[in-house]
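Biologist: Please pick one part of this model and take me through it closely. I would like the details, with the cut-offs behind each term.

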Amino acid sequence: MDDALPVLNAARAKAEELGVKQTLCVTDESGQVIALHRIPGARLTGVDISIAKAFTAAGHERATHKFNEAPDGPALPGNEAFGISHMLPGKFAIFVGGFPLEHDGQIVGALGVSGGNGQQDKAVGAAGIEAFAQHLADNPPS
């Protein structure tokens, strides 16, 4: 939880700076929820969506938007993972808003962001990732 709070605080600050009401989810490396924060007024659906985005980013060790980035996004029609989002309905997200959290080259968790457009979700995610890296630099794991 101590590692999740700086992520949530930075992501919330960026969302507020952008004027977007979002739901933010931090998971551990296995996609299990550690912390969830719904900014007052954020859509109710954002809770489940942010959890799915974080779960997917943790489980597949990549940002969720990379599933659909042309030309090689694996979930694009004709590519090897087309239809993967149907494997775990409601738990697997292949659109912008899921970001793995890394330490020493290992995925140690993920951040799910829901409620803005793609640019806003990426900006909020970047703020959370940056805060996580800074937190680890200031508080190295023992």
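**The helices and the sheet**

Modeller: Helix α3 (residues 118-138) lies across β1, β3 and β4, at about 15° to β3. This is a predicted model: local features need pLDDT of at least 70, side-chain atom pairs count only at pLDDT 80 or more, and totals for chains, interfaces and linings use all residues. Residues are numbered from 1 along each chain as its sequence is written, and side-chain values use heavy atoms, leaving out hydrogens and water.

Helices (H or I, at least four residues) and strands (E, at least two) are DSSP runs, numbered from the N terminus. Angles run from 0 to 180 degrees between N-to-C directions, with axes fitted to C-alpha atoms, for helices over the stretch in contact. Contact means heavy atoms within 4.5 Å.

Now the sheet. Four strands form an open sheet in the order β2-β1-β4-β3, with antiparallel pairing (at least two DSSP bridges). β2 (33-38) and β3 (98-103) are the edge strands with a single partner each, so one side of each lacks a neighbour in the sheet. From one strand to the next, the twist averages 15°. Six bridges link β3 to antiparallel β4 (residues 106-114). Glu-102 sits opposite Ile-107 in β4.

Helix α2 (residues 46-60) lies across β1 (23-28), β2, β3 and β4, at about 155° to β4. Just after α2, Glu-61 has a positive phi of about 50°.
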